[in-house]
Amino acid sequence: MKLSVMQENLARGLSVVSRAVSNRSLPVLTNVLLKTEDAGLKLTATNLEIGITYWVPGKIESDGATSVPARLLTDLVNSLPGGEPIILELGDGETLHIRAGQFESNIKGIPAEDFPTVQTAGERPITRVEQKILRQALDETAFAAASDEARPILTGVLARFEGDQLTLAAADNYRIAVKRITVLDPVEETSVVVPARALHELARILADTDEPVSIVLAHSRNQLLFHVEGVDLVTRLIDGQYPNYQSVLPASHATRAILDREELLRAVRPAALIAHESANIVKLGVGLDGDPGITVSANAEVGDHVGRVEAAVEGDGTTIAFNARFLADVLTNVDAAQFALELNGPLSPGVFKPVGDDRYVHVVMPLRTTS
Amino acid sequence: MTQAHPRTILHVDLDAFFAAVEQRDRPELRGKPVIVGGGGPHDRGVVSTASYEARAFGVHSAMPLRTAGALCPRGIFLPVDGAKYQAVSRQVMAVLRRFTPLVEPISIDEAFLDVTGSRILFGDGEQIGRQIKDEIRSAVDLTISVGVATTKLVAKIASDLRKPDGLVVVEPGTEAAFLAPLEIGRLWGVGAKLAEALRDYGVRTIGDLAGLPEDLLVRRFGKHGAALGERARGLDADPVGGRDPAKSIGHEHTFDVDTSDPDVIERTLLGMSEGVAGRLRDSGVKASTITVKIRDTTFRTITRQRTLPDPTDLTEPIFRTALDLARPEVRGVRIRLLGVTASGLGEREQLALFGLEDPRRRRAVEAADEVRHRFGERAITRARLVGSRLPAPFEHDPMSPLEARGIETDDGGRADGEPDDRDTQDDTTFAEDGLDVT
């Protein structure tokens, strides 16, 4: 194997695939696979849950493949001068020679045959979605997925394809985010549960462009693959039945407040600092005593805080307590100027809907407090 | 507390508790120097309790076992049987509660009693002290030393004065005179450093301290100084059972030999998490914050805490969180002490979208609790903990009903109370006389 690539291109490719490098102790999984393919250099990394493949344009003199420690190669390439070609050559004893201008390094590798097979796009995609639309949908949902493994299905995001609609739902048992987007090619009804971690990585790869990302469901239906120009991300899917979230979305409300998202976020932040000392409880008073506004308060041994934002309130005044983090999450991640907050008293779920967009809904369960 | 209505407070202290229990159960050990600790005379570790026969050789608690072995070569070295001592301790506390509901256990082998309201039933402090001694002898065949005074401070010093099997009564009004000749180190809150600092002012006895002008003490020692002067005169308004309801439930363990073994560390955390979870369930509360405490060989102590998404009274989430918090801190470090504390008891309840907890798991946990309550702490345990020797934590008040501990038992109940930084942080080092109240 001998080839040359530009430093910038190799550095960019390594930074993308290194997101999939395992931090587990199995040495080959901490490596990145380098393989010449289609007149370029293919970089692959995997942690067995997700795999990322990146094609770096280059000039191939002879074909070949090897794997070397990803972290070391990435750091090394980043430290080499830009604007210059890097020559990679596989020598004896699985040693990768790296030459760039006046620099020359050798890194010991592990044979490519020992590297696990990572799927790349081969099968026909089930559909395509505009990258920026999918990216926004992921930003608005994936954060709500569970981060602890107590119930593995909730660490995933439900993706339900039906016709030209894709519905993404993520929940961690205390909140749920649901977003509906339009896909470019109609699909017959299919539901899969994709690890949220994989979708966080996908969101980093997707660009702010109308260019589509292709979605491929492996024949075995146990892997989902996303393909954009020059990059593939493949993820395993989570087995199991996703809970019936539709049944927990409230159908009606007793109180409705139209509020400015950024204003409420600015009011939640200082309250959250105090709440941090007391189980993260932030209380909202919505339209109390006819007040056209929302009070945001927190109480802890260390001190207390109260703030107020204007809001257009219809219906009964009420109070409700939320985990400050859940409030901050929905207010930070969702791209909307205004929210409608719909409530049914202090012990029923709170519903956040972007005003003028019926394709997104976010439900947060309240905290029962003793005071 | 005004002098017009003096309280009657008893401090009760079991004599050489661990060693006495062993001598009681094994008559062949009576009259012999018994040393209870983490091992034999050639092991590392320290003496937990020495019998009076062993003390005659100069052996005392917290002394390295090797030193004890050298001082007392014919000493009989026994391991610490925490579960047994805990059981006896509960029996003793139960006897004490026959005399007053105001019992404040301060360690496995000592307690304060406020018998002010019991005098009409049982006679004065001295008479109550004698009856308690008799009843404890007949109930558990152990001797205690009792101090009787108007304050906790003086009662504790008095009980320590004539051990074993002592009874020292300090009459109301004579507290200052009683304390005056005693060496300064006997006063609560006066450690070696403070004693050294006080020596600069010519203070050697508690009376010397009482004679110092208060403004001098305040200038030199700040707020602590004023309290020090009051204590030296026998003034101490601290009520018995004045401990506010538990704000947290915790368990600490000091290793006999410092360790960096990840398996030992994990198992210790698991054992402590299991204990903490069991006590949360016994108290009918859930905790929302988990704190781990780590002290290394150099006595550097750190704490790390995390608020759980969902309050819990189960071992797994507590253990998982504790392990998560501890792991980065213990890597490659020799650890002296580990602690797991659950706090934020019943402060809140995060309502859930989907019922998550597996009801079968809950039933299994409740069944195991039932077995433990009937047959003792060791009757059922996790396979991973079999053979590990984590001593049971000292429970401040295991016998009192939950309401008396300020913990409501109904759903959504909580431990209410005044803001307070005290908690039921338990140290299971079990060094006798090692739990000083400061």
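**Note on the interface of chains A and B**

1. The contact between the chains involves 20 residues of chain B and 27 residues of chain A. The model is predicted, and the contact counts for the interface use all residues, whatever their pLDDT.

2. About 2000 Å² is buried between chain B and chain A, and carbon and sulfur atoms account for 61% of that area. On the side of chain B, the residues that lose the most area to chain A are Leu351(B), Leu353(B) and Phe354(B); together they make up 36% of what that side buries.

3. Polar pairing across the interface is as follows. The rule finds 0 salt bridges between chain B and chain A. The count of residue pairs in polar contact is 1, with both residues at pLDDT 80 or more.

4. Two strands of chain B, S11 (301–312) and S13 (348–350), are the elements that give two or more residues to the side touching chain A. By class, that side of chain B has 7 charged, 7 nonpolar and 6 polar residues.

5. Turning to chain A by itself, its secondary structure consists of 23 strands and 6 helices. Among its contacts between residues at least 6 apart in sequence, 68% join residues at least 24 apart.

6. Chain A has 371 residues, of which 51% count as buried. Its accessible surface is about 16600 Å², and 46% of this belongs to carbon and sulfur atoms. For the area buried between chain B and chain A, the carbon and sulfur share is 61%.

Conventions:
Residues numbered from 1 in each chain as written. Chains lettered and ligands numbered in written order. Predicted model: local features only at pLDDT ≥ 70, side-chain atom pairs only at ≥ 80, totals over all residues. Heavy atoms only, no water. Contact = heavy atoms within 4.5 Å. Buried area = accessible area lost by both parts, 1.4 Å probe. Salt bridge = Lys/Arg side-chain N within 4 Å of Asp/Glu carboxyl O. Polar contact = N/O pair within 3.5 Å; in protein donor to acceptor, adjacent residues only side chain to side chain. Helix = DSSP H or I, 4+ residues; strand = E, 2+ residues; numbered from the N terminus. Nonpolar A, V, L, I, M, F, W, Y, C, P; charged D, E, K, R; others polar. Buried < 20%, exposed > 50% of the residue type's maximum accessible area, 1.4 Å probe, protein only. Areas by Shrake-Rupley, 256 points an atom, 1.4 Å probe, with all protein chains shown as cover.
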